Amino acid sequence: MRLLLFGPPGAGKGTQARKLVDRYTLTQIATGNIIRAAMKNDTPVGREAKSYVEQGELVPDDVVRKLAEGAIADEGYDDFILDGYPRTLQQATWLTTFLSEHDASLQAVLSLEVDDEEIVDRLSKRRVHAETGENYHLDVNPPPADVNEELIVQRPDDKPETVRNRLSVYRDQTEPLKSYYKERDLLVPVDGTGTPDEVHERIADTLTTLV
Ligand code: AMP
């Protein structure tokens with residue numbers, strides 16, 4: 001399957017991508033994760049991306065394009081789920097061309113629908129495991145008691161000021177991609193509210209009818 005998980009920050013893209021990977025033969029390709037790893041390892045890409053990520057801005061298109069296309073090529077052009085890429089019309093156009101050149105066009109764009117109020121709540125209560133990258137929510141999905149508390153951290157870009165900027169960047173630059181994929185008959189809206197398992201079952205039901 002060649003899928004794209006779409007939605008605002010905090011919609012649950014990462015959580016749902018991981019659940020899909022556990023259930024199907026799929027590789028998660030998350031540009032945010034690739035960028036964070038590059039920042040942690042202080043690579044040239046990581047150094048270039050740092051100030052954008054910390055301010056909740058998008059990393060320049062050409063930088064992210066190389067990361068995403070490299071990851072898709074490494075994966076072998078099949079059985080992937082894109083999470084957080086593309087985020088601009090330019091990235092989407094490049095992606096369409098890149099995938100069609102490799103006879104690997106997307107089969108569905110799953111758009112997780114969650115309203116703003118819930119997103120702000122989810123992001124402010126999101127915590128991540130510093131080593132595994134596992135996501136938690138302080139109320140709904142708290143870190144298990146046996147996990148070392150010191151490794152449970154808040155992403156710097158989940159702080160309230162940055163969250164506001166990320167949401168406005170999403171509205172301005174990323175949300176228009178919904179029309180782009182709708183015009184191409186790929187957009188599949190999925191209710192993103194409820195527990196992670198409930199959302200996962202909705203996605204799985206949708207996939208049985210799609211691919
Ligand atoms: P995420 O983990 O998907 O929320 O991504 C974290 C941050 O990485 C974003 O706020 C951006 O600064 C950067 N980033 C991730 N994916 C992209 C992308 N496709 N285009 C531009 N910047 C990105």
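**View 1. Residues surrounding the ligand in the predicted model.** In this predicted model, 16 residues surround the ligand, counted where a heavy atom of the residue lies within 4 Å of the molecule, and the closest are Thr31, Arg36, Glu57, Gly84 and Gln91. Helix α2 (residues 31-40) gives the largest share of this shell, four residues; helices (H or I, at least four residues) and strands (E, at least two) are DSSP runs, numbered from the N terminus. By class, the shell holds six nonpolar residues, four polar and six charged, with Ala, Val, Leu, Ile, Met, Phe, Trp, Tyr, Cys and Pro counted as nonpolar, Asp, Glu, Lys and Arg as charged, and the others, Gly among them, as polar.

**View 2. Arginine side chains at the ligand.** An N or O atom in the side chain of Arg36 is 2.9 Å from a ligand oxygen atom, and a polar side-chain atom of Arg87 lies 2.9 Å from a ligand nitrogen atom. For Arg166, a polar side-chain atom lies 3.5 Å from an oxygen atom of the ligand. Taken alone, the ligand exposes 480 Å², of which the protein buries 95% (Shrake-Rupley method, 1.4 Å probe).

**Notes.** Residues are numbered from 1 along each chain as its sequence is written, and side-chain values use heavy atoms, leaving out hydrogens and water. Local features need pLDDT of at least 70 and side-chain atom pairs count only at pLDDT 80 or more, whereas totals for chains, interfaces and linings use all residues.

Technical notes. Polar contact = N/O pair within 3.5 Å; in protein donor to acceptor, adjacent residues only side chain to side chain.
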